[in-house]
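Thanks, everyone, for making the time.

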Amino acid sequence: MKPKKQSLLLATVIPILAFPVGLKADSSAQISDDELLDLSLEELISLDVPDVTSVSKRKQRLMDSPAAVYVITDEDIRRSGVTSIPEALRMVPGVQVARLNSNTWSISTRGFNYIFANKLLVLIDGRTVYSPLFSGVNWDVQDTMLEDIARIEVIRGPGAALWGANAVNGVINIITKHAADTQGGLLSTGFGSEEKAFGSYRYGGEFGDDGYYRAFVKSFSRDGLVNADGSDANDDWQINRAGLRADWRTRNGSEVSLQGEIYEGTTSPTLKVFNEDTKEQELLTNQSRDQKGGHLIGNYKRYLNDGSHISVKGYYDRYENYDYRVTEKRDVADLEFQHQMLPWGNHDIIWGLGYRFTHYNLTEMNHVSTGDPDRTDQLYSAFIQDHISLTPQWALTLSSRFEHNDFTGFEVQPNASLTWKISDQQTLWFKAASAVKTPSISETSVTSRGIAFIRDEDQLLSDGSVPELLAITGNEHLESENLFALEVGYREQFNNRLLFDITAFFNQYRDLLAYVDYSCLDGTTPIPANPPNPAFGCYYTPQPTIPAFELSSTFANGLTANTYGVELTTDWQATPWWKLQFNYSFLSVDAFSESTGNPLTDGYLRGNEELLETLSADHTANIRSHMNLPNQWYLDFWVRYMDNLEDAKVGSYTALDVRVAKKFGDNLEISLTGQNLFEKQRLEFSEIFSGLGETEVQQAWYLQLRWQH
């Protein structure tokens with residue numbers, strides 16, 4: 001970190017850590033409809049974030065939740081100045097966000113961050129949005145009208161016992177507002193240096209005796225990022241979206257909701273590929289990547305006479321991606337039944353059944369091949385959770401999920417947590433859990449060649465070295481990756497004005513995937529699409545058709561890793577008009593493998609160990625300040641620090657965002673936001689496996705008008 005930036009960060013952190021000692025409640029603080037920050041922290045928690053539901057699938061006070069959970073509120077989103085969900089996630093302690101190009105992010109928590117980050121389950125209104133192709137998330141299409149988001153609940157740590165496979169390192173649950181809370185019209189529009197033009201309009205109304213609806217349209221055009229020399233990367237991005245939601249109550253008191261969205265957009269990311277005709281590495285800058293899709297979600301909840309309730313949720317999701325490397329089309333249908341009951345006085349039991357059908361189709365492939373381009377998978381699941389109130393202060397929660405998938409068969413993922421409510425303002429919790437990450441299509445049945453460069457042409461040595469390429473072939477015999485996690489957390493609310501939350505964790509991963517040598521061929525035979533179990537100890541040879549060394553590799557469950565860390569959060573209502581939020585995270589990763597006795601194989605595994613240990617930053621921190629100034633002026637700033645990413649060849653950086661806003665009456669707000677103000681441009685991530693070229697994030701500003709009636 002540069003000295004001036006380090007001084008600024010420390011100068012802001014020290015007062016936050018020092019002043020809370022001896023705080024007294026400000027009895028003069030008044031509740032205001034317009035100024036949420038005038039609330040005390042106790043009022044803020046009870047009014048703005050009354051419950052969290054992601055931890056135990058039932059409404060629960062944030063203070064009492066036995067998990068490392070962080071809530072991004074709608075006010076946080078508005079006052080941060082972010083224009084996308086991935087950028088909003090930078091607020092969360094332990095979550096690391098890196099932008100690769102105009103529409104691609106790498107997002108994970110507690111390690112393993114990469115473009116194919118696959119240990120984080122993401123849901124939007126209960127709809128799972130991970131891609132079966134790589135078990136990660138296409139973040140560029142996970143969007144909606146930001147003003148319609150009620151909150152984003154982020155669990156750091158496993159949540160598989162309730163949410164299923166791939167909820168290994170965390171769960172992100174994006175929850176939109178009930179239609180009754182979005183009545184009337186809202187217009188949001190603006191322009192800027194990177195946000196070239198954007199606009200959205202929503203209108204909500206009523207129908208029947210107890211029904212509400214809203215409809216919205218949203219569109220934006222974003223400028224592309226830049227290359228290292230400052231030239232335009234030509235990866236401009238635009239997308240259009242429209243959606244509808246209706247919520248109503250039936251005559252018997254049941255709650256019903258129906259919502260859906262459609263979208264269509266395009267961008268042109270820079271691609272780095274090996275051209276077998278010219279025998280050279282080639283940068284493609286004019287290949288458009290078009291995406292479109294949509295979804296429909298239905299929910300039904302009925303309350304029974306004995307105090308229990310049942311709910312049924314179903315959704316259909318369609319996704320199409322037209323990319324130079326591959327055209328992919330995906331259809332997902334999901335149905336889940338859930339029953340919550342109180343069979344005994346101190347037991348709160350939730351159980352459920354689920355079924356998911358996924359059809360996947362891959363066509364028009366360049367540098368990618370598969371022996372199974374048209375695939376159908378089915379997932380069967382069941383879960384049960386018992387929340388036991390042992391005493392008024394102690395509660396025990398036991399839960400487990402049982403699944404059957406078409407990749408690895410049956411999986412069991414248990415969880416146990418113990419909560420000690422020391423007082424209404426103090427909670428101590430302990431948690432032990434297991435989770436699995438199941439193999440994806442790309443890891444089991446896809447081969448890629450000519451898009452992963454270990455040494456590219458701009459790194460050629462004076463001795464005439466040629467590019468080194470990595471051919472990666474899937475392995476159908478992979479097993480699931482396994483996690484066993486231990487966590488302990490403590491929360492305390494001081495004098496209704498300061499909330500302190502700290503979590504420590506230890507994670508042990510087994511059977512992690514590793515790239516291993518698969519070149520027991522003669523150097524002229526193409527790599528098969530579906531190889532047998534990989535054999536160790538075979539040396540690679542140059543392919544005769546291209547002037548480069550091609551390392552043939554596949555996947556194997558070859559690594560173990562231990563991670564541990566600490567995550568700290570404080571929310572401080574310093575005065576009725578000034579709120580400060582600070583969080584800090586520390587992470588350590590230690591990966592290792594058993595020696596095979598073969599130097600080449602052990603070399604591969606050591607390379608994998610180094611990759612896992614350097615994927616994520618050791619230290620991250622956030623400071624956010626929200627000030628309500630006289631005459632309805634608002635000043636917000638956000639300083640964030642990211643430690644260096646050794647594998648991505650990215651140094652540490654400190655970023656500053658500033659937002660100034662003015663409200664006119666109750667309906668109109670105009671704001672000016674500056675982003676990444678410390679640097680003209682910076683590289684946030686670099687990787688070799690996808691073929692995406694390196695681009696850099698720029699300093700930016702935009703002007704926004706928001707009108708509500």
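Arginine 706 sits in strand β37, which covers residues 700–708, where helices (H or I, at least four residues) and strands (E, at least two) are DSSP runs numbered from the N terminus. Please keep in mind that this is a predicted model, in which local features need pLDDT of at least 70 and side-chain atom pairs count only at pLDDT 80 or more, while totals for chains, interfaces and linings use all residues. Residues are numbered from 1 along each chain as its sequence is written, and side-chain values use heavy atoms, with hydrogens and water left out.

Is arginine 706 buried or exposed? Arginine 706 counts as buried because its relative accessibility is 12%, the classes being buried under 20% relative accessible area, exposed over 50%, and partly exposed in between, with a 1.4 Å probe and protein chains only. Its side chain makes a polar contact with the side chain of glutamate 147, at 3.1 Å; a polar contact is a pair of N or O atoms within 3.5 Å, where, within protein, one must be able to donate a hydrogen and the other to accept it, and residues adjacent in sequence count only if both atoms are side-chain atoms. If residues up to four places away in sequence are not counted, arginine 706 touches, among others, Arg78, Leu186, Leu187, Ser188 and Glu669, contact meaning heavy atoms within 4.5 Å.

Glycine 190 has phenylalanine 198 in β9 as its bridge partner, and β8 and β9 form a hairpin with 2 residues between them. Strand β9 is also joined, by 12 antiparallel bridges, to strand β10, residues 211–222, with arginine 202 opposite phenylalanine 216.

Turning to the open sheet, 5 strands form it in the order β1-β6-β7-β4-β5, with mixed pairing. Its edge strands are β1 (68–73) and β5 (127–128), each of which pairs on one side only. Within this sheet, β4 (residues 120–124) and β7 (residues 170–176) pair in the parallel sense over 5 bridges, and leucine 123 stands opposite asparagine 173.

How values were computed: Pairing = 2+ DSSP bridges.
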